[in-house]
Amino acid sequence: MPNSEPTQMKMPSTMTPSGMTSGAGLIASAKASWQKQFLEMLTPEQLATLPYLFDFWAMPHQIAPSGDWRTWVILGGRGAGKTRAGAEWVRRMVEGALPHAPGAARRVALVGETMDQAREVMVFGDSGILSVCPPDRRPEWIAGRRLLVWPNGAEAQVFSAHDPDSLRGPQFDAVWADELAKWRRGDEAWDMLQFALRLGDSPRACVTTTPRKSQMLSDLLERDTTVVTHAATQANRANLADSFLKEIEGRYGGTSLGRQEMEGVMLTEVEGALWSSADLAGCQVGEVSALDRIVVAIDPPGTSHAGSDQCGIVVAGVVMTGSPHDWRAVVLEDASMSAARPTAWAEAAIAAMRRHGADRLVAEVNQGGDMVEAVLRGVDGMVPYRSVHASKGKVARAEPIAALYEQGRVSHVRGLSDLEDQMAQMTSRGFEGKGSPDRVDALVWALYDLMIEPAAKWRKPSIRGL
């Protein structure tokens with residue numbers, strides 16, 4: 001590799017196919033003829049350098065944000081390129097312009113869930129530090145000390161999060177923490193790292209993790225000194241097997257586990273929630289049998305402008321076998337939306353009715369009164385419509401619906417993650433998420449109309465003469 005910092009290489013504009021992005025994405029998605037022509041333009045030195053120009057190949061979530069931050073958290077699905085991003089960040093921190101020139105950091109901590117995982121993934125892995133460093137800047141591994149030493153003298157030591165006390169003595173100017181959400185002693189290990197991260201003018205940490213429910217991670221994400229980038233597994237599909245992507249999408253797409261492990265979304269669940277994420281994951285179905293009745297329920301926003309709450313729009317159906325106490329419901333769609341004008345949510349709700357062949361539209365009118373019906377009939381004057389009034393609070397209305405789920409009488413089709421996120425934040429104390437639980441309100445009204453009210457009206461016939 002040349003002894004000067006290589007410049008970023010891009011495909012000339014004359015070779016740029018329409019609609020393509022620059023850098024590696026442009027080359028990777030180009031036709032084979034374009035790729036061949038581009039590579040033939042490069043000198044042997046440039047060809048040798050090309051694999052190590054990470055700014056050229058990197059996806060947006062793999063590039064450290066600018067600004068004055070202390071911790072950069074990369075949240076990503078499985079295979080989204082988190083490990084590569086962490087390894088390249090360490091390389092950027094320790095390397096100088098020349099192989100023996102100093103970089104921004106000289107003492108680095110590499111912390112994994114266990115010692116074996118830190119060594120095998122962060123150091124020796126396919127996307128680990130040794131694999132991404134150019135030959136003239138590749139560090140030496142000193143096994144007895146669990147230490148990497150670069151040609152310029154920078155060092156990176158491997159630690160296990162299972163042993164927080166091992167972090168009491170050392171001090172660092174950079175930290176790479178991998179799979180933080182899985183650390184069993186995460187609070188202790190992270191606290192020790194904060195005390196140790198004290199060298200240099202701007203000591204920093206990079207955290208690469210698939211999100212899991214963790215109070216420590218949640219707290220870290222809320223700090224003003226934390227910046228976050230995020231990517232789903234699909235963002236790195238060019239480097240993943242098609243069969244892998246098809247398999248996990250087919251098995252886990254639209255599920256809570258898929259949202260966490262594939263989309264890299266931090267699932268929020270609070271103590272005392274009326275619905276748990278595990279229960280919601282367990283009620284999902286792949287196919288829906290014939291339904292006897294379908295309704296669309298809406299929870300209109302109190303105002304209609306750019307900053308208004310969303311309009312909750314939920315479609316559900318019921319199988320009416322036996323008495324109403326035995327009926328089974330399926331939630332078919334969450335069509336909730338933000339609407340700057342009332343006719344927009346009215347059009348969306350009526351469109352949902354037509355898609356599913358719904359029998360009726362149910363709308364809460366506590367805030368809108370007759371205006372809600374007027375807006376709906378302005379879109380479709382013949383729409384089957386029923387208004388409902390909330391005489392109880394949100395929690396009191398939601399609790400009987402939660403009981404239906406506990407009885408196993410409600411199923412969800414896949415793909416209702418936004419609705420399920422809200423449900424997991426509805427507690428006996430109230431809604432503990434941000435904004436209004438508009439989706440949950442619409443769900444409650446749909447299932448109230450389909451199941452709660454029919455059961456309340458149903459009476460067994462009296463038996464005389466016995």
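# Charges, Contacts and Cover

Visitor: Where is the place of Leu53?
Guide: Leu53 sits in the loop between α3 (44–49) and α4 (54–57). Keep in mind that this is a predicted model.

Visitor: Why is Leu53 called buried?
Guide: Its relative accessibility is 11%. Buried means under 20%. Leu53 therefore counts as buried.

Visitor: How far apart are the C-alpha atoms of Leu53 and Val132?
Guide: They are separated by 9.8 Å. Along the chain, Leu53 and Val132 are 79 residues apart.

Visitor: Leu98 is called partly exposed. Why?
Guide: Leu98 has a relative accessible area of 39%. Buried is under 20% and exposed is over 50%. The value of 39% falls in between, so Leu98 is partly exposed. This residue belongs to the loop between α5 (82–94) and β2 (107–112).

Visitor: How far is Leu98 from Pro151 in sequence and in space?
Guide: In sequence they are 53 residues apart. In space, C-alpha to C-alpha, the figure is 9.9 Å.

Visitor: Is Glu179 buried or exposed, and why?
Guide: The relative accessibility of Glu179 is 18%. The limit for buried is under 20%. Glu179 therefore counts as buried.

Visitor: How many salt bridges does the structure hold?
Guide: There are 23.

Visitor: What makes Arg91 and Glu95 a salt bridge?
Guide: Their closest N and O atoms are 2.8 Å apart. A salt bridge needs a side-chain nitrogen of Lys or Arg within 4 Å of a carboxyl oxygen of Asp or Glu. The distance of 2.8 Å is within 4 Å, so the pair qualifies. Arg91 is buried, and Glu95 is buried too.

Visitor: Which residues are linked in a network of salt bridges?
Guide: Arg84, Glu88, Arg91, Glu95, Asp136 and Arg137 are linked in that way.

Visitor: How do you know that Glu333 forms a salt bridge with Arg355?
Guide: The closest N and O atoms are 2.7 Å apart. The limit is within 4 Å, so the pair counts. This pair links distant parts of the chain, 22 residues apart: Glu333 is in strand β12, Arg355 in helix α13 (residues 342–356).

Visitor: What joins the side chains of Glu333 and Arg355 under the other label, polar contact?
Guide: A polar contact of 2.7 Å joins them. That limit is within 3.5 Å.

Visitor: Why is Glu333 called buried?
Guide: Its relative accessible area is 19%. The cut-off is under 20%, so Glu333 is buried. Strand β12 spans residues 328–334.

Visitor: Why does the pair of Arg386 and Glu453 tie together parts of the sequence?
Guide: First, the side chains meet in a salt bridge at 2.7 Å, N to O. Arg386 lies in strand β14 (residues 385–388) and Glu453 in helix α17 (residues 438–457), so the pair ties together parts that are 67 residues apart in sequence. Arg386 and Glu453 are buried.

Visitor: Arg409 has no salt bridge. How do you know?
Guide: The nearest side chain of opposite charge is Asp326, 6.3 Å away. Arg409 is buried yet has no salt bridge. Its place is in the loop between α15 (394–406) and β15 (410–413).

Visitor: Which backbone oxygen lies 3.3 Å from a polar atom of the side chain of Arg409, and which lies 3.1 Å from one?
Guide: At 3.3 Å it is the backbone oxygen of His325. At 3.1 Å it is that of Trp327.

Visitor: Which residues gather in a patch of negative charge on the surface?
Guide: Asp187, Asp191, Asp219 and Glu222 do. The elements giving two or more residues to the patch are α8 (186–196) and α9 (215–222).

Visitor: Why is Glu222 called exposed?
Guide: Glu222 has 62% relative accessibility. Exposed means over 50%, so Glu222 counts as exposed. This residue lies in helix α9.

Technical notes
Residues numbered from 1 in each chain as written. Predicted model: local features only at pLDDT ≥ 70, side-chain atom pairs only at ≥ 80, totals over all residues. Heavy atoms only, no water. Patch = residues over 30% accessible without salt bridge, like charges linked within 9 Å, V, L, I, M, F, W, Y side chains within 5 Å. Areas by Shrake-Rupley, 256 points an atom, 1.4 Å probe, with all protein chains shown as cover. Lys, Arg positive; Asp, Glu negative; His and termini not counted. Charge placed at Lys NZ, Arg CZ, Asp CG, Glu CD. Helix = DSSP H or I, 4+ residues; strand = E, 2+ residues; numbered from the N terminus. Buried < 20%, exposed > 50% of the residue type's maximum accessible area, 1.4 Å probe, protein only. Polar contact = N/O pair within 3.5 Å; in protein donor to acceptor, adjacent residues only side chain to side chain.
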